[in-house]
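Look at the fold as a whole before turning to single residues. The paragraphs below go from the strands to the helices, then to the cores and the backbone.

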Amino acid sequence: MSTSDHDWWDPHSEQPYALPEAQKPRAAAGNVNEYLRVLFTALGLAPAIAWRYLHRRRGALRPAADSFIGLSVSPSPGHGAAVTEMVEELGAQKLLIRVPSWDEKEMENRARFAESFRGRELLINILQNRHSVLDKKHWRRAVEKTFTAFAPSASNFQIGNAINRSKWGCRHSGDYLDLMEIAHREKKKFPGIRLFGTSVIDFEPLVILRTLVNRRRYRQHGCALQMYVDRRGAPERRQFGVFNLHNKLRLAAALLALSNRSEKKLWVTETNWPLRGTEPYTPTSACPTVSEETQAQYLTRYYQIAHRSGFVERVYWWQLINPGYGLVDHRGGALRKMPSYHAFKNLRASLQDGAR
């Protein structure tokens, strides 16, 4: 059974369907206990966070363009050779491949897919679902199998995806920390593997802090965030009147500086803008959307701002082929390269010009 055969999975937007409110028991005892831990951590560290945020307006990182630009790719039936050719044309050297923990057949399929990108640096994102949280033995076996299948091609593994969204299986941050501890124990069998964690989507600094500062038993090589800014607005647009893209990355770096669980590497492993008129491929039919031309402009500006900030080592666009938010529209069986494809292709020159 493939990932798309599950009735809880939306194959068009490539994520679980939204949960009804009745399946989000926010007031459950375990949830409340975790919320209190998050709150006390934030209150205790607030002065240190504020000092680091206010006194560090720019970071010191100046990554080369080839190292900074990342792209997510997935198998596309009937277009396998085209995917490889487009990755080559785009010049993407850093690739992210998502792997569902619940589907062993699909895991094997994606392991073969990964082998076609030898010579490029791969980041394997192990996806979780509710079964991962409820059946820890299954999660442990899935993580071990994923490490075994991909270790010949990859050494970087991101644990979890959108861990602050209930539809992905974690009802609170404590659920994710359990999964991270298990992955860390399994990693000991694979000494060459590097773990990336946090895996928070959008801008939720309290959850980010909880994954970075705690007493759990794991270490991660770096912090991976799925940092969106505004689904219909520019990366310069401010949330709460303060947090545009630069300031969101600045705050994330301030949180990471205090971490006792992570090395001080910050990667953005997912960002995009949903495209107008592409339902059901957009994340939700009611999601704010932009035109293809606007998406291309925002893509360029996002990468430029993140690169100039000096806080981030790498940014991955999600993803290559998807008409709702990707670079290529595959509807009708043909591959149409959208304006964002050409913007992504020109990123290297754009970042080099901006660094001068």
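What follows is a walk through the sheet, the helices, the nonpolar cores and some backbone details.

This is a predicted model, in which local features need pLDDT of at least 70 and side-chain atom pairs count only at pLDDT 80 or more, while totals for chains, interfaces and linings use all residues. Residues are numbered from 1 along each chain as its sequence is written, and side-chain values use heavy atoms, with hydrogens and water left out.

How are the strands arranged? Helices (H or I, at least four residues) and strands (E, at least two) are DSSP runs, numbered from the N terminus. Two strands pair if DSSP finds at least two bridges between them. Strands of a sheet pair through backbone hydrogen bonds, either parallel or antiparallel. Here eight strands, in the order β3-β4-β5-β6-β7-β8-β9-β10, close into a barrel with parallel pairing. Neighbouring strands of this sheet are turned by 25° against each other on average, direction ignored. Axes for such angles are lines fitted to C-alpha atoms, for helices over the stretch in contact, and angles run from 0 to 180 degrees between N-to-C directions.

Strand β5 (residues 121-127) runs parallel to β6 and is joined to it by four bridges, with Q158 as the bridge partner of N125. On β7, the parallel pairing with β6 has three bridges, and there Q158 stands opposite F196. Going on, β7 pairs with strand β8 (residues 222-226) in the parallel sense over five bridges, where T198 stands opposite A224.

Helices come next. Together, β6, helix α7 (residues 173-187) and β7 make a right-handed β-α-β unit. A crossover is right-handed if, with the strands pointing away from the viewer, the path from the first strand over the helix to the second runs clockwise. Helix α4 (residues 104-115) lies across β4 (94-100) and β5, at about 165° to β4. Helix α10 lies across β3 (69-72), β9 and β10, at about 165° to β10.

A nonpolar core is a set of buried Ala, Val, Leu, Ile, Met, Phe, Trp, Tyr and Cys residues joined through side-chain atoms within 4.5 Å. The largest one has 90 residues, and those with the most contacts inside it include L71, Y303 and F344. Helix α9 (residues 245-257) gives the largest share of this core, eight residues. A second, separate core of nine residues includes W102, Y228, W318 and Y325.

Last comes the backbone. Most residues other than glycine have a negative phi, and most peptide bonds are trans. Which residues depart from this? E14, not a glycine, has a positive phi of about 60°; E14 is found in the loop between β1 (9-10) and β2 (15-16) and is buried, with a relative accessible area of 16%. S199 has a positive phi near 55°, is found in strand β7 (residues 194-201) and is buried at 0% relative accessible area. A cis peptide bond joins E279 and P280, with omega about 10°, and another cis peptide bond joins W318 and Q319, with omega about -10°.

Terms used:
Buried means under 20% relative accessible area, exposed over 50%, partly exposed in between (1.4 Å probe, protein chains only). Contact means heavy atoms within 4.5 Å.
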